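Please look over the sequence and the model shown here before reading the report that follows.

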Amino acid sequence: MAATEKILVLDFGGQYNQLIARRVRDQHVYCEILPYTTPLSVIRAGGYRGVIFTGGPNSVYLEESPHYSADILDLGIPVLGICYGAQLMAWMLGGKIERAPGREYGRVEMRVSPNSLLFAGLPEASVCWMSHTDYISRPPEGFAVTARTDSCPCAAMEDAARGLYAVQFHPEVTHSEFGQQILHNFLFLACGVKGDWVMDNFIEETVSRLRREIGGQGVVLGLSGGVDSSVAAALLSRAVGRQLTCVFVDQGLMRKDEGDFVEETFTRLFDMNFVRVNCQEAFLSHLKGVTDPEAKRRIIGTEFYRVFWDEIRARYSGGFFAQGTIYPDRIESGKGDAATIKTHHNQVKLPEDIAFSGVIEPLKDLFKDEVRRVGEKLGIPRELVWRQPFPGPGLGVRVIGEVTAERVKILQEADWVLRDEMKKSGCEDRAAQFFAVLPGVRTVGVMGDARTYDELIAIRAVTTDDFMTADWAKLPYEVLGRISNRIINEVEHVNRVVYDITSKPPGTVEWE
Ligand code: XMP
């Protein structure tokens with residue numbers, strides 16, 4: 001691994017585990033997340049400079065709650081317990097945990113002790129974010145209480161001589177006013193790290209590691225035009241140049257001109273063999289007459305991999321298979337249900353008849369925002385690096401009902417106008433994702449003196465942090481008005497535009 005300093009986030013099932021890791025990395029300190037089921041021997045051998053126990057949904061007194069051997073506190077590695085992790089630390093060392101009559105939740109004022117290492121540089125009073133019912137009613141021997149709130153007698157405690165720290169609140173969420181400072185103090189003062197996790201080092205070290213690993217062999221990578229595979233391609237190109245072959249399957253279901261843009265970008269800016277497989281007609285013939293959304297998804301997915309692997313079989317002459325897996329794709333959950341490794345579209349099942357030398361995943365330790373930063377440093381255009389999510393089946397699930405060449409074209413044109421108008425009006429940042437949908441509804445209209453009976457276009461624009469829930473974007477009426485006018489004037493066969501004002505739940509972001 002590129003970084004010499006590593007922090008371990010030991011996951012006890014809390015909802016913020018990835019956020020903690022990202023906050024640590026924001027301070028230029030590399031960190032990994034492992035489930036609480038990880039053996040102590042692995043942690044001991046891991047070379048970690050500090051450990052953070054995450055929160056969790058349980059009470060430490062329940063037998064089925066996630067626990068850990070108290071030996072971890074004697075490794076001589078500083079430990080920070082957060083929320084459940086704080087209670088766990090207290091419980092492991094003989095402190096007392098009690099259940100409060102009610103839950104303390106939300107922004108709470110806390111007062112910290114001026115002598116605390118963890119709170120160095122903080123004002124005496126500040127706001128923290130609480131979410132707990134159990135609390136530490138008596139800290140273990142050797143610990144000093146270092147923060148209090150009105151309802152929490154021990155909002156934080158520490159035994160600095162042993163390098164043990166615990167906070168009942170959540171420093172990782174932005175509502176905790178000095179959360180970043182607190183994490184900084186733990187990392188730099190308690191663990192003594194210097195902060196060597198910077199993207200320039202990552203690129204340099206990954207490139208030399210890839211060169212060593214790949215040697216003189218070839219590498220094939222499936223390029224979708226999405227952020228992850230694009231950044232993986234650019235990184236591999238920097239490492240091994242023309243030993244890399246990128247296969248880009250264009251099923252004709254990308255947005256207007258996007259296939260050409262991907263080809264242009266990678267052939268002009270990066271040294272590699274770029275293979276574009278144009279198969280729009282074959283895809284359309286497989287989709288002929290199919291209207292069921294799941295059937296369409298299945299056909300597009302199956303056909304995609306058939307074309308992709310056939311292309312690789314035709315070109316393959318020994319070497320590695322590379323893919324753009326990123327860290328969240330492979331984090332194991334600490335929720336206790338053993339071996340819940342997420343399956344994800346980034347992790348592809350390899351066909352048995354192709355004997356690759358191995359699989360290369362150059363981005364497997366990075367979060368999405370880090371992948372984007374690497375992409376920018378490697379010179380990938382912003383448009384690609386900051387690309388919105390795009391479904392694997394592409395416009396196939398935005399053309400509702402049967403997918404035909406004509407209907408895809410109508411949607412591409414309408415979507416292009418939407419993107420152009422969002423850009424011109426400076427509204428691109430007001431939605432995390434926006435796109436047009438062709439619902440397949442025809443309505444009556446008038447154009448000039450003539451009656452029309454033509455297609456309807458729906459506009460979808462959502463705000464969201466994680467795409468699990470979303471709200472419809474409150475775009476200005478004038479912008480919506482211009483989008484509507486332009487689509488009707490510029491896109492043939494469209495005579496009406498509607499705006500989707502459904503949140504998720506109950507709606508999904510996509511229509512199919
Ligand atoms: P839904 O429609 O489930 O979408 O609310 C949530 C997010 O996921 C994207 N999406 C997909 N991404 N393959 C993908 O890679 C897919 O099949 C797929 N379907 C939906 C969607 O665009 C939104 O950002």
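A polar side-chain atom of K504 lies 2.6 Å from an oxygen atom of the ligand, a polar contact in the sense of a pair of N or O atoms within 3.5 Å. This is a predicted model, in which local features need pLDDT of at least 70 and side-chain atom pairs count only at pLDDT 80 or more, while totals for chains, interfaces and linings use all residues. Residues are numbered from 1 along each chain as its sequence is written, and side-chain values use heavy atoms, with hydrogens and water left out.

| Residue and its atom | Ligand atom | Distance |
|---|---|---|
| K504, polar side-chain atom | oxygen | 2.6 Å |
| Q433, side-chain N or O atom | oxygen | 2.7 Å |
| G392, polar backbone atom | nitrogen | 3.0 Å |

There are 13 residues around the ligand, of which R297, Q433, K504, V509 and E510 come nearest; a residue belongs to such surroundings if one of its heavy atoms lies within 4 Å of the molecule.

K504 is also joined to P505 by a cis peptide bond, with omega about -15°, and the bond that runs on from P505 to P506 is cis as well, its omega being near 10°. P505 is found in the segment after β19 (494-499), and P506 has its place in the segment after β19 too. Elsewhere, in the loop between α1 (17-26) and β2 (30-35), H28 has a positive phi of about 65° although it is not a glycine. Most residues other than glycine have a negative phi, and most peptide bonds are trans.

Helices and strands are DSSP runs numbered from the N terminus (helices H or I, at least four residues; strands E, at least two). Helix α6 (residues 227-240) and helix α11 (residues 368-377) pack at an angle of about 45°, with their axes 9 Å apart; axes are lines fitted to C-alpha atoms, for helices over the stretch in contact, and angles run from 0 to 180 degrees between N-to-C directions. The contact, meaning heavy atoms within 4.5 Å, is made by V227, D228, V231 and R238 of α6 together with K368, V371, R372, V374, G375 and K377 of α11.

In a second pair, the axes of helix α13 (residues 405-424) and helix α14 (residues 477-490) come within 9 Å and cross at roughly 145°. Among the residues that make this contact are W416 and M422 of α13 and I483 and E490 of α14.

Terms used: Polar contact = N/O pair within 3.5 Å; in protein donor to acceptor, adjacent residues only side chain to side chain.
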